[in-house]
Amino acid sequence: MLSVQHYHQMCRRYKGRAVEVRTKRGQIHRGIIMNVDDRQVFLRPIGANKNLGGFGYGFYRPGYGYSQGGYYNRGGFGFGIALGAIAGLTLLPLFFW
């Protein structure tokens, strides 16, 4: 099993790229890495869950998917995934989305 530091480094390296994240609970999230902090990676959804028409995913609820002082507190859209919850991270090819 890979460490949190390993996934942190990978997410920083792949910032701005489309990825598929698998969590330890078996969830699969596809999105573009918008930001990474010490605890979470923030994705902008792509694929079936993409933000159509500018609505969805961008609600504001403090403490839920937001980093204090991070990208999403300044009006960005997306969600955060805890680095410790990641079981796998894969780059997606351009033709996927």
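This report describes the fold, the surface and the nonpolar cores of a predicted protein model.

## Overall arrangement

The protein chain contains one helix and five strands. Read from the N terminus, these elements follow the order α-β-β-β-β-β.

Among the contacts with a separation of 6 or more, 59% join residues 24 or more positions apart.

## Burial and surface

The protein chain has 97 residues, and 38% of them count as buried.

## The largest nonpolar core

In soluble globular proteins, nonpolar side chains tend to be buried together. In this model, the largest nonpolar core comprises 15 residues, and Ile33, Val41, Leu43 and Leu89 have the most contacts inside it. Two or more residues come from each of these elements: helix H1 (4-13) and the strands S1 (18-23), S2 (28-36), S3 (40-45), S4 (79-82) and S5 (86-91). Helix H1 makes the greatest contribution, with three residues.

Which residues is Ile33 in contact with, once its neighbours within four places in sequence are left aside? They are Cys11, Tyr14, Lys15, Gly16, Arg17, Val19, Val41, Phe42 and Leu43. Two of these partners, Val41 and Leu43, are also named with Ile33 among the residues with the most contacts inside the core.

## A second core

The model also has a separate second core, made of five residues. Among them are Ala18, Ile32, Met34 and Ile46.

Key
Residues are numbered from 1 along each chain as its sequence is written. This is a predicted model: local features need pLDDT of at least 70, side-chain atom pairs count only at pLDDT 80 or more; totals for chains, interfaces and linings use all residues. Side-chain values use heavy atoms; hydrogens and water are left out. Helices (H or I, at least four residues) and strands (E, at least two) are DSSP runs, numbered from the N terminus. Buried means under 20% relative accessible area, exposed over 50%, partly exposed in between (1.4 Å probe, protein chains only). Contact means heavy atoms within 4.5 Å. A nonpolar core is a set of buried Ala, Val, Leu, Ile, Met, Phe, Trp, Tyr and Cys residues joined through side-chain atoms within 4.5 Å.
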